[in-house]
Amino acid sequence: MAHEVNFECDGKEQRVAVDDPGMPLLYALTDLLGLKNPRYGCGVAQCGACTVQLDGVPIKSCVTPVSAVEGRKVLTIAGLGTPKQPHPLQTAFVDAQATQCGYCINGFMMTAVAIVRDNPTASREEIRSGLSGLKCRCGSHMSILRAIESVTGADT
Amino acid sequence: MRAGAIDRRNLLKASGAIVVAFAVRGFAAQGAVAAERGKRQPLAPDQLDSFVAIDRDGRCTVFFGKVDVGQGVQVAIAQIVAEELDLPLSAVDVIMGDTAFTLDQGGASGSYAISNAGRTLRFAAAEARRVLVERAAAALETFESLVETGDGKAWVRGSPERALTYGELIGEGYFETPLTWNGQMGNRLDARGKAVPKSPDQYKVVGTSPPREDIRENVFGDQAYVTDVRVPGMLHARVIRPPVVGSVPLAINPQSIARFNGARAIHERGIVAVFAEREWDAIRASRVLEVQWSEAPPPFPDPEQLYDYLDSAPTERSGDEESVGDFDAVVAAGERVVEARYEWPFQSHASMAAACAVADVKDASATVWTGTQKPHAVRTGVAKLLGLPDTNVRAIWVRGPGSYGRNDAGDAALEAAFLSRVVGRPVRLQYTRAQGTGWDPKGPASIHRCRGLLSSDGWVLGLSLLSRGFSRMDVAPTEADPRDTLVGQLLGKGSNSQAAFAIPDEPYEPAAKRFSWETVAPLVKTGSSLRTGHLRDPVGLQINFASESFWDEMAYAASADPVAFRLRHLKDPRAITVLQETARLFGWKPRVAGNPDDSGETVKGQGIAVCSRGDTLCATAVEIELNRRTGRIRPVRWAIAHDCGLVINPAGLKLVIEGNIIQATSRSLYEEVSFNRSNVTSVDWMSYPIADVTDMPDRIDIALINRPEHPPGGAGEPAGRPVPAALANALFDAAGIRLRRAPLTPARVKAALEASDEAQANAA
């Protein structure tokens, strides 16, 4: 009855066996593969804490069936860069001390990575509109925005 | 955290579970370290070794009895300790939140991290330096007065080349030094040695802005949260709450979920839970488990009548009144009376995620991993719930989704422990979003009646403010008593409800004032989704919304500028300074009446409000953009002057202030718990909307007023307090409408605009 799903996650081949292909990707990543992120926030695609990229597109892993990632590439925040070779946004988030509790970071980081990739000189308004709908409960939006604007030059 | 510090203190690795040590500096060395503190048990508040340790390599470990909920207090604590010990900041590690290593300094609460816990650690670090100097004097055969210290070393004045390191001075030993302890635990704990801490003019580390290192871990996906804790043999659990508050489970059908790989269910008194080896099975089982619930009469009043209910319900308790001057005489003499009534809704913590906890309960002991702000309270609460001695329970704080008072984290910790005992295995309990928003303790709804007596020449002769609301302590600020937790109440432990509200903390000095409060009884005694407790700056926002809106109303009634009018009634130089500095930073445009503008769809307004909270003062001004068609308010820019005494970490403080302003903006403009007669109906981010990135201002200008001569106050809450009134005052300026009911939602603003337009049309 087990249904096998093969996919790449942060550059590594992964295989999970599930009895329900409709199980959200989130639980494959956290419960089956033991990754520390993404994180459960709402389970209904309203907050972004579970965000990963699927073939470069930010998705909410809490509502994406694991079967949908068969043969595709999943990228989590841990696969974005390393302290020695950071993604520019990772550096920017550290420099801006961008988060408070930090639980929300997957949504803002993984979405911002796509925004900056597609529009390296995104304006303040374009960044805000691209991040619309993501939740941060601590109110650290301003420092998150500063971090992203420092990468696109929207702060100058 | 470097391993050396751990080894030195006989910290032994335990197996199989994540415990997090918090490195203030140094990315490579942090990580999951499971630890048992060796021969220094039990921790004693009158012993220096309970607070500060130094290892033979000279590294310093601070045992901090609070936690950081995202504001970086561990960095400030490390700065304070490094300063007093003449250590480089990079040599200081802070351990917090594990009851095995830290004393109860109150957990995260009341904005006391720096003012209270920081004070004890300042004295402890100064005492540690004094003992090291004493030892150095003996080792170097000199007088203590001739010993100098720096960079973790001690030497005889003039001979720095013969320095001894702190590591050499402490060797394998401990400080073995008593402190004078005030006999209190929690926030009131105060312990001091003989040493006198440095005077602020000597500070080199305090007042600088080193960053948080945990943010680096987080952005590389390497930070463990409580949701990441895994224990061998662990089961995933979900709980099921009643559809109607007061309804109880009569029976469950475990067969209805057996198909999910053997998922199991339990039913004990008011608790229904499912368990599975895999999380998805637990989730699926929780959705379909057949539960038979008792019929229960809908317990809540009509939500449309909430404020009438607060008016008419019997008074449960009248609080202490603060009276200054002869108010009744002023009433008789007052030439002009201004009156207004303000209303504030129930609000939810609605943390970024619903609470998660992991518990491993054995026959005679328990370990609980929790995101609570108050791990020592979890230890006590779990011990009481399970009938174990406190000493047999260990609570380990692991960072969770941010919390802002008494959220659902403590409930989850005790409930996980209960479930682990029932099933005899470690349990990871994750509440759902709907449970997190729907069933967390709520900030209380309230009404506030203000009355001002003005003289003909524009002075406030008398001011009264009566707050009347649900208690801020229907459930206590901690989970140390199971009766204050949902699981305890659903298990029939009863209620521990206390009736409490608060009076304004105002800097103004009119000739007479009378401040008081009343509470009405909880709507339901136990097991209520509208039980009320501490939400960030407990009842501070609602009272300030009333009092600072009212100061604006009085100013305009006196045809005075709101800033000038407030200044007229201030004597405290710190209050005067924050107000003047805010007005200057903002570019305040004085006016003696609202400045409504109906020239276009989008109009602007300015508002200001003042906050005094404990030893901290601030004033905040905002420019808003009001869309007259949609009723939406967007703050365009904020200015705030903030005086919390001595500033430890200016850059970190500014981020804390920003977070306060943004979160309070969300509470002011959007947040309101919705409910029907049966239960809470705001259960996710659609039904409980919060501010979004598109609501953000263009900028927040912050002036930190550093007062080195004044001990640090708190900064975790004050900057949010004046936000609701500043926004309401700006709305009045922009549109001439005074909204006295929060939140100032687009729908409410739009309705008020339409009513105002209609009134004007009728008058014309």
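1. In this predicted model, the centres of domain 1 of chain A and domain 2 of chain A, taken over C-alpha atoms, are separated by 22 Å. The two domains of chain A span residues 3-77 for domain 1 and residues 88-152 for domain 2.

2. The strands β3 and β4 of chain A belong to an open sheet of 5 strands, which follow one another in the order β2-β1-β5-β3-β4 with mixed pairing. At the edges of this sheet stand β2 (12-18) and β4 of chain A, each of which pairs on one side only. On average, and with direction ignored, neighbouring strands of the sheet are turned by 40° against each other.

3. Within this sheet, a student may wish to look at one pair in detail: strand β1 (residues 3-9) and strand β5 (residues 73-75) of chain A pair in the parallel sense over 2 bridges. In β5(A), A:Val74 is the bridge partner of A:Cys9.

4. Turning to the interface between the chains, 47 residues of chain A are in contact with 46 residues of chain B. On the chain A side, the elements that give two or more residues are α1 (25-32), α2 (88-95), α3 (105-118), α4 (124-131) and α5 (141-152), and α5(A) gives the most, with 4 residues. By class, the side of chain A that touches chain B is made up of 23 nonpolar, 17 polar and 7 charged residues.

5. In chain B, how do the axes of helix α13 (residues 540-557) and helix α17 (residues 723-735) cross, and within what distance do they come? The axes come within 7 Å and cross at roughly 35°, and the crossing of α13(B) and α17(B) is right-handed. The contact is made by residues of both helices, among them B:Leu541, B:Phe545 and B:Asp552 of α13(B) and B:Pro724, B:Ala728 and B:Phe732 of α17(B). The residues of this contact between α13(B) and α17(B) divide into 6 nonpolar, 3 polar and 2 charged.

Note on methods
Residues numbered from 1 in each chain as written. Chains lettered and ligands numbered in written order. Predicted model: local features only at pLDDT ≥ 70, side-chain atom pairs only at ≥ 80, totals over all residues. Contact = placed C-beta atoms within 7 Å. Nonpolar A, V, L, I, M, F, W, Y, C, P; charged D, E, K, R; others polar. Domains from an automatic or database assignment. Axes fitted to C-alpha atoms, helices over the stretch in contact; angles between N-to-C directions. Left-handed = near helix turned anticlockwise from the far one by under 90°. Pairing = 2+ DSSP bridges.
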